[in-house]
Every structure is written in C-alpha cells, then in structure tokens.
Amino acid sequence: MFTQESFAVFDIAGLDERMAAIREEVQPIFKTIDERIKKDLEKELDEPLFIHIAQHRRRSVYPPENTWSAISSKKRGYKMEPHFQLGIWPDYVFMYLSIIDQPPKKEQIAQQLLQHSLLLTQLPEDTVMNTDHTKANYEFIAQANVKQALERLKKVKKGEFQVGRIIAKDSHLWQDPEQALEYMLATYRFLVPVYQLLQF
C-alpha cells in the first residue's frame with residue numbers, strides 16, 4: 001500500500017533520480033493494487049482487462065510531477081477509450097474513470113454522459129472530477145458544474161474528463177491498508193455503471 005515514502009518520491013530532483021525512485025517505490029505498489037482491482041472489475045464487467053503502468057519514456061529533461069497506472073480492455077494501450085486509473089500526485093492518490101488525450105469517440109462519450117448526467121451527480125458525496133489530467137486539481141462533484149465540464153469535453157478538442165475519488169496524503173485511511181484498499185475497490189465498483197454506459 002502507499003506510504004509517506006510513496007509521496008516523498010516527488011521531492012527528489014532530477015529525471016533519472018526521480019524515475020528510479022518511482023520504479024522502486026511506487027510501481028510495485030501499482031502492480032499489487034492493480035491486480036486486486038483488475039480481478040474485482042473483471043468479475044463486475046465479465047470481460048478481460050489489462051494493466052498498464054506509465055513509464056514516462058517521452059520525458060528527457062523534467063521529472064514527472066505525478067505518475068499513474070491504468071486498467072483497460074485493450075492490451076496495447078488505454079488512452080483510446082474510457083479506462084480506469086490509479087495514480088499519485090505529491091498530495092493525494094486518485095482513483096478515476098478517465099477520458100483523456102482525445103479518444104476517437106470523445107464526442108459520443110460526452111453526449112452519452114450529458115444524457116445520463118444524473119448518474120454522475122448521484123455518485124457518493126466525496127466523488128470528485130478533474131478536467132485536465134496534467135493538473136493536480138479537482139472539484140467535488142456535488143459542487144461542480146458537471147454539465148459545463150461535459151460540454152467542454154464534447155466541444156473542445158483537448159477537453160478531458162475524469163471522475164472518481166481521491167485519498168489525501170494525510171488521510172487516516174493510510175493507517176489501515178485493508179481499509180484503504182476497500183475504499184479504492186468500492187470507488188471503482190461505483191464507477192462501473194458509468195464505464196458500461198460508454199461502451200459503444
């Protein structure tokens with residue numbers, strides 16, 4: 001499970017040094033947790049899923065400000081469709097259903113979400129959304145303008161939408177790894193109906 005050492009990797013300067021720490025400290029945690037999530041989601045969805053762990057190979061100068069893994073129905077990649085993400089920023093871990101990097105059916109996906117936006121607003125109160133995967137910001141969905149975010153996803157070429165929950169660095173959940181894991185699994189389970197809505 002994630003520890004304070006997991007968050008501390010982002011204090012390390014230098015691309016090579018931070019990537020070495022991410023590979024040693026964070027990626028094994030992704031692998032362990034993702035195996036549990038994958039097993040749980042495959043049971044829920046009745047379809048095979050594949051784990052992808054970000055390698056940040058395109059970076060040549062600046063160290064990554066966050067890192068993540070993805071679970072998707074595609075073996076060769078994940079960004080071309082809605083997918084599940086588990087990731088970490090310096091201040092929190094996130095569990096998202098993600099629509100990022102302009103997937104081919106982005107407008108259809110946005111329209112489907114707009115038509116069923118009640119499904120999003122009825123998610124648990126601590127559900128959050130993010131509209132730019134490169135920025136460490138989020139809004140609680142209860143206070144957010146979901147319709148505006150989905151309209152942006154539909155109309156703006158670089159529009160993105162992520163929905164799920166976060167666990168803050170200082171959350172009490174980290175004191176009990178099993179409780180933290182159950183919170184993560186529960187998050188992905190309640191995102192399943194939204195994911196299923198977006199399968200065309």
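Trainee: Leaving aside neighbours within four places in sequence, which residues is Leu120 in contact with?

Mentor: This is a predicted model. In it, Leu120 is in contact with Leu113, Ile141, Val146, Leu150, Phe161, Val163 and Val194, with neighbours within four places in sequence left aside.

Trainee: How do I read a group of nonpolar residues like that?

Mentor: Start with the general idea. In soluble globular proteins, nonpolar side chains tend to be buried together. Now the case here. The largest nonpolar core has 55 residues. Of these, Phe2, Leu86, Leu113, Leu120 and Phe161 touch the most other members.

Trainee: Which elements give two or more residues to this core?

Mentor: They are α2 (15-45), β3 (83-88), β4 (92-99), α3 (106-115), α5 (146-155), β7 and α6. Helix α6 gives the most, with twelve residues.

Trainee: What lies apart from this core?

Mentor: Another core, of ten residues. Its members include Ala54, Phe94, Tyr96 and Val128.

Trainee: How do I read aromatic pairs?

Mentor: A pair of aromatic rings is described by the distance of the centres and the angle of the planes. A search of the whole structure finds eight aromatic pairs. Take Phe7 and Trp174. Their ring centres are 6.1 Å apart and their planes stand at 65°, so this pair is edge-to-face. The cut-off for that class is over 60 degrees.

Trainee: Where in the chain do Phe7 and Trp174 sit?

Mentor: Phe7 is in helix α1 (residues 4-8). Trp174 is in the loop between β7 (161-168) and α6 (177-197).

Trainee: Are Phe7 and Trp174 buried or exposed?

Mentor: Both are buried. They also belong to one aromatic cluster, formed by Phe2, Phe7, Phe30 and Trp174.

Trainee: What about the rings of Tyr138 and Phe140?

Mentor: Their centres are 6.0 Å apart and their planes are at 85°, so this pair too is edge-to-face. Tyr138 is partly exposed, with a relative accessible area of 31%. Phe140 is partly exposed as well, at 35%.

Trainee: Which ring does the charged end of Arg165 sit over?

Mentor: The ring of Tyr183. The charged end of Arg165 is 3.9 Å from the centre of that ring.

Trainee: Is Asp40 buried or exposed?

Mentor: Asp40 is buried, because its relative accessible area is 17% and the cut-off is under 20%. Its place is in helix α2.

Trainee: Which residues does Asp40 touch, not counting those up to four places away in sequence?

Mentor: Asp40 touches Leu185 and Arg189 on that count.

Note on methods: Residues numbered from 1 in each chain as written. Predicted model: local features only at pLDDT ≥ 70, side-chain atom pairs only at ≥ 80, totals over all residues. Heavy atoms only, no water. Phe/Tyr/Trp six-rings, centres within 6.5 Å; stacked < 30°, edge-to-face > 60°. Helix = DSSP H or I, 4+ residues; strand = E, 2+ residues; numbered from the N terminus. Buried < 20%, exposed > 50% of the residue type's maximum accessible area, 1.4 Å probe, protein only. Lys NZ or Arg CZ within 6 Å of the ring centre and 35° of its normal. Core = buried A, V, L, I, M, F, W, Y, C linked by side-chain atoms within 4.5 Å. Contact = heavy atoms within 4.5 Å.
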